[in-house]
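Let's walk through this protein together, one step at a time. Have a look at the picture, then read on.

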Amino acid sequence: MALHKPYTDVPGTIIFDAEQSRKGYWLNQFCMSLMKAENRARFKADERAYLDEWAMTEEQKQAVLARDLNWCMRTGGNIYFLAKIGATDGLSFQQMAGSMTGMTEEEYRAMMLAGGRSAQGNRVVGEDGDAQAHRQPQGLSRLKEGN
């Protein structure tokens, strides 16, 4: 019997639950490997070859190569671990988070300093708030994909 997950109806949110953890185990282990300088150097020297050393799915590898953190999260990645990819590329967390929302680093920073996204219109999928997929550049592509 499938577990009822009422939290899957929060727009713009992927909950890192046990299922996501299992799905992303090797992706997240790859990310943790980037904590070591020698592994970052190996990854940057030949990204595909380094990724092929890990038991990740092809989709996960493609998501990493594309540096699409939203795609990585949909395949089981956790932002705590995925941040290591951005750090390897010399990006701040604000730059990475901004890229995930379709905002510039400055826009993202301003939004967070102002208290983050409003819950108004963003409590469940189908409302008309600014976190809804139809209002996000990455969300628009997901709508076309049927995800």
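Start with Lys44: setting aside the residues within four places of Lys44 in sequence, its contacts are Arg67, Thr88 and Asp89. Keep in mind that you are looking at a predicted model. You can find Lys44 in helix α3, which covers residues 37-45. Lys44 and Asp89 are 45 residues apart along the chain, yet their C-alpha atoms are separated by 8.6 Å.

Is Lys44 buried, exposed or something in between? Its relative accessibility is 43%, so Lys44 counts as partly exposed. To be buried, a residue would need to be under 20%, and to be exposed, over 50%.

Next, step back and take in the whole chain. How many helices and strands does the protein have? There are 10 helices and zero strands, so if you follow the sequence along, the pattern reads α-α-α-α-α-α-α-α-α-α. Of the 147 residues in the protein, 34% are buried. The accessible surface comes to about 8,700 Å², and carbon and sulfur atoms account for 56% of that surface.

Look for helix α7 (residues 79-88) and helix α8 (residues 93-101), whose axes come within 10 Å and cross at roughly 110°. Angles from 65 to 115 degrees count as roughly perpendicular, and α7 and α8 are therefore roughly perpendicular to each other. On the α7 side, the contact is made by Ile79, Leu82, Ala83, Gly86 and Ala87, while α8 brings Phe93, Met96 and Met100. Sorted by class, this contact of α7 with α8 has seven nonpolar residues, one polar residue and no charged ones.

Stay with α8 and turn to helix α9, residues 105-113. The axes of α8 and α9 come within 8 Å and cross at roughly 95°, which means that α8 is roughly perpendicular to α9. Which residues of α8 and α9 meet here? From α8 come Gln94, Gln95, Ala97, Gly98 and Thr101, and from α9 come Glu105, Tyr108 and Arg109. By class, the contact of α8 with α9 has two nonpolar, four polar and two charged residues.

Note on methods:
Residues numbered from 1 in each chain as written. Predicted model: local features only at pLDDT ≥ 70, side-chain atom pairs only at ≥ 80, totals over all residues. Heavy atoms only, no water. Axes fitted to C-alpha atoms, helices over the stretch in contact; angles between N-to-C directions. Helix = DSSP H or I, 4+ residues; strand = E, 2+ residues; numbered from the N terminus. Parallel < 35°, antiparallel > 145°, perpendicular 65-115°, else oblique. Contact = heavy atoms within 4.5 Å. Nonpolar A, V, L, I, M, F, W, Y, C, P; charged D, E, K, R; others polar. Buried < 20%, exposed > 50% of the residue type's maximum accessible area, 1.4 Å probe, protein only. Areas by Shrake-Rupley, 256 points an atom, 1.4 Å probe, with all protein chains shown as cover.
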